[in-house]
Amino acid sequence: MAQMRRRLSLVETSTVVQPAVSLTGVSIAYGLKSGGRYEAVAPVNLSVEEGEFTAIVGPTGCGKSTLLNAAAGLIRPASGIVSIFGQKLDGLNQQAGYLFQADALMPWKTVLENASIGLEVAGMQKGEARAKASALLARVGLKTFLDRYPHQLSGGQRKRVALAQMLVRNPKILLMDEPFGPLDAQTRLIMGELLIDLWQADRKAAMFVTHDLDEAIALADRVIIMSAGPSATIIGDFKVDIPRPRDVAEVRADRRFHDLHSAIWSVLRDEVRKAYGQFAAEPEGAGA
Amino acid sequence: MMDRTRLIGLQLAVALGIILLWHVATTTPDIFNVKTAQFFFSTPADIAARVVKMFSTGIIWRHLGITLVEAALAFVIGAGLGLAFGFWFARKPFLAAIADPFLKAMNSLPRVVLAPIFALWFGNGIASKVALGVTLVFFIVFFNVFQGVREVNQNILSNARMLGMNERQLLRHVYWPAALAWVFSSLHTSVGFAVVGAVVGEYLGSSAGLGYLIHESEGVFDTTGVFAGMFILSVFVILVDVLVTVLERHLLNWQPEQSSALAKA
Ligand SMILES: Nc1ncnc2c1ncn2[C@@H]1O[C@H](COP(=O)(O)OP(=O)(O)OP(=O)(O)O)[C@@H](O)[C@H]1O
Ligand SMILES: [Mg+2]
């Protein structure tokens with residue numbers, strides 16, 4: 001620990017451009033009701049540069065959401081340090097917007113209210129906040145849904161509200177946990193295009209969790225592979241050197257896409273098998 | 001699914017059937033002794049006549065009004081206190097832990113036994129009935145709000161935090177609406193109990209209200225009066241319940257429809 005800290009401070013003083021998110025020796029453990037501890041993520045090192053779109057893939061239950069929660073400051077790592085633009089993170093990550101894996105819209109607020117609340121609580125005039133929010137909602141195709149409540153929307157529409165809710169505050173770091181999780185293949189494509197469109201405008205650091213390898217390669221600059229848990233680690237780190245702007249749908253026909261896909265899949269395949277084997281053996285471990 | 005008109009038709013038929021049976025059993029000399037039967041059960045026609053008389057002479061309005069005022073006050077005060085304490089305790093688990101055995105003890109007490117002591121403290125007027133209703137309403141709302149605030153969806157909470165809300169803003173935008181939803185979802189029960197508190201209080205000692213009317217009739221073995229009072233009380237409760245349903249629909253319009261109107265009817 002002490003050693004690591006020394007090394008980190010050395011890094012801090014010597015580098016000029018700090019990574020947006022940097023995890024150094026971060027491990028995360030959950031206390032179990034039975035009294036034991038479950039180490040979900042073993043010490044990992046990962047840094048995401050400013051402007052870098054990083055996709056994280058891994059078998060189900062490996063700890064992708066856990067890692068994102070640590071980057072958001074929602075859970076405290078058991079060991080290691082989370083730094084945001086070079087500053088040690090203590091408490092919530094104020095620089096980040098987080099699109100949760102589960103539905104997290106406030107059911108008692110309309111689409112517009114949900115999208116604008118982030119600005120309103122930051123002190124912006126209500127009118128101005130609403131105007132900004134509805135402009136963004138229009139961009140994600142929800143212009144005619146402003147007065148609906150979340151339960152009156154489809155799964156994909158809810159995800160788009162959540163996307164607008166996150167983006168409207170203009171956070172420097174985007175944390176997205178399977179934002180297109182429950183959607184069908186075609187909608188995922190359209191949403192992916194939309195996301196890249198919005199992201200392209202002022203490239204922010206992004207950590208994007210997905211279980212769809214195609215999607216990861218099509219959208220990201222870099223794909224991180226996590227091993228199956230417990231004590232999951234990062235077992236692969238691939239640069240996606242397909243130039244932007246990319247057509248999220250067409251890029252899948254690209255040669256480099258194919259090469260990358262088979263390279264990544266050969267690493268991922270065994271882990272996915274391992275995870276499924278494990279869950280088949282002890283079904284209660286599958287809760288995420 | 002059953003057709004709505006058919007359902008109502010059947011419900012009416014059941015009601016008519018019961019009334020008819022009642023009428024025949026209490027007015028046909030060959031079945032029971034008519035005098036005895038009418039002493040114990042009165043007759044539908046007499047009861048109807050009595051109800052009409054109560055309304056045409058206008059004496060009923062004062063009693064209805066008093067019961068309504070008592071129930072309304074009991075509800076407002078009980079729900080207000082329940083909301084405030086439920087909210088407060090849910091946010092301060094230590095306080096809740098201290099208060100827990102006392103609250104449980106108080107809640108396990110049958111409220112009827114409090115009526116005489118309330119009469120002693122607050123007199124025989126409205127106040128003692130309101131107090132009784134408050135002790136009923138308070139606990140329902142309190143436990144609902146307490147539970148509701150403590151079990152606010154963690155995802156919504158984390159999301160709200162990530163959106164930059166501070167503690168005060170979380171209270172206003174997350175905890176408060178969640179707590180209100182629980183108050184409203186227990187609205188039928190708590191309004192019902194407010195009426196129960198008022199009527200039971202009147203029944204046990206007062207000089208006005210529906211409970212008093214019923215008690216008075218019982219005192220002189222006026223079965224017709226008792227049934228007429230019960231009938232008016234039922235209709236009163238049903239009307240209040242309909243009002244609550246309308247209010248609920250208006251206030252909880254952000255929630256998905258829980259059950260169809262048919263299932264409720
Ligand atoms: N609160 C918790 N208490 C105990 N264990 C937990 C808790 N939350 C998650 N876990 C465990 O930690 C591991 C990682 O969970 P996590 O939700 O990060 O997985 P994931 O990679 O996001 O999975 P998925 O792709 O299914 O969303 C899982 O094995 C899970 O069972
Ligand atoms: Mg997850």
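How much area is buried between domain 1 of chain A and domain 2 of chain A, and what percentage of that area do carbon and sulfur atoms give? Before the answer, some ground rules are needed. This is a predicted model, in which local features need pLDDT of at least 70 and side-chain atom pairs count only at pLDDT 80 or more, while totals for chains, interfaces and linings use all residues. Residues are numbered from 1 along each chain as its sequence is written, chains are lettered from A and ligands numbered from 1 in the order in which they are written, and side-chain values use heavy atoms, with hydrogens and water left out.

Chain A is divided into domain 1, which takes in residues 17-95 + 173-279, and domain 2, which takes in residues 105-170; such bounds come from an automatic or database domain assignment. The centres of the two domains, taken over C-alpha atoms, are 25 Å apart. To their contact, which means heavy atoms within 4.5 Å, domain 1 of chain A brings 15 residues and domain 2 of chain A brings 12 residues. The opening question can now be answered: about 1100 Å² is buried between these domains, and carbon and sulfur atoms give 73% of it, where buried area is the accessible area (1.4 Å probe) that two parts lose on being put together, summed over both. Of the area that domain 1 of chain A buries against domain 2 of chain A, 41% is supplied by Met191(A), Leu194(A) and Leu198(A), more than by any other three residues.

Between these two domains there is 1 salt bridge, a term for a side-chain nitrogen of Lys or Arg within 4 Å of a carboxyl oxygen of Asp or Glu. Side chains of opposite charge can pair when their charged atoms come close. Arg139(A) and Asp197(A) form a salt bridge through their side chains, with a distance of 3.8 Å from N to O. On the side of domain 1 of chain A that touches domain 2 of chain A, the elements giving two or more residues are β7 (173-177) and α6 (185-201) of chain A, and α6(A) gives the most, with 5 residues; helices (H or I, at least four residues) and strands (E, at least two) are DSSP runs, numbered from the N terminus.

Helix α6 of chain A also holds Arg188(A), which forms a salt bridge with Asp212(A), their closest N and O atoms being 3.6 Å apart. Asp212(A) lies in the loop between β8 (205-209) and α7 (213-219) of chain A, and this pair links distant parts of the chain, 24 residues apart.

Chain A also meets chain B, in a contact that takes 22 residues from chain A and 18 residues from chain B. The area buried between the chains is about 2000 Å², with 68% given by carbon and sulfur atoms, and Trp108(A), Val121(A) and His151(A) supply 32% of what chain A buries against chain B, more than any other three residues. Between chain A and chain B the count is 0 salt bridges.

In chain A, 4 strands form an open sheet in the order β2-β1-β4-β5, with antiparallel pairing; two strands pair if DSSP finds at least two bridges between them. The edge strands, each pairing on one side only, are β2 (37-48) and β5 (87-88) of chain A. Strand β1 (residues 21-31) of chain A is joined by 5 bridges to strand β4 (residues 79-84) of chain A, and Leu23(A) has Val82(A) in β4(A) as its bridge partner.
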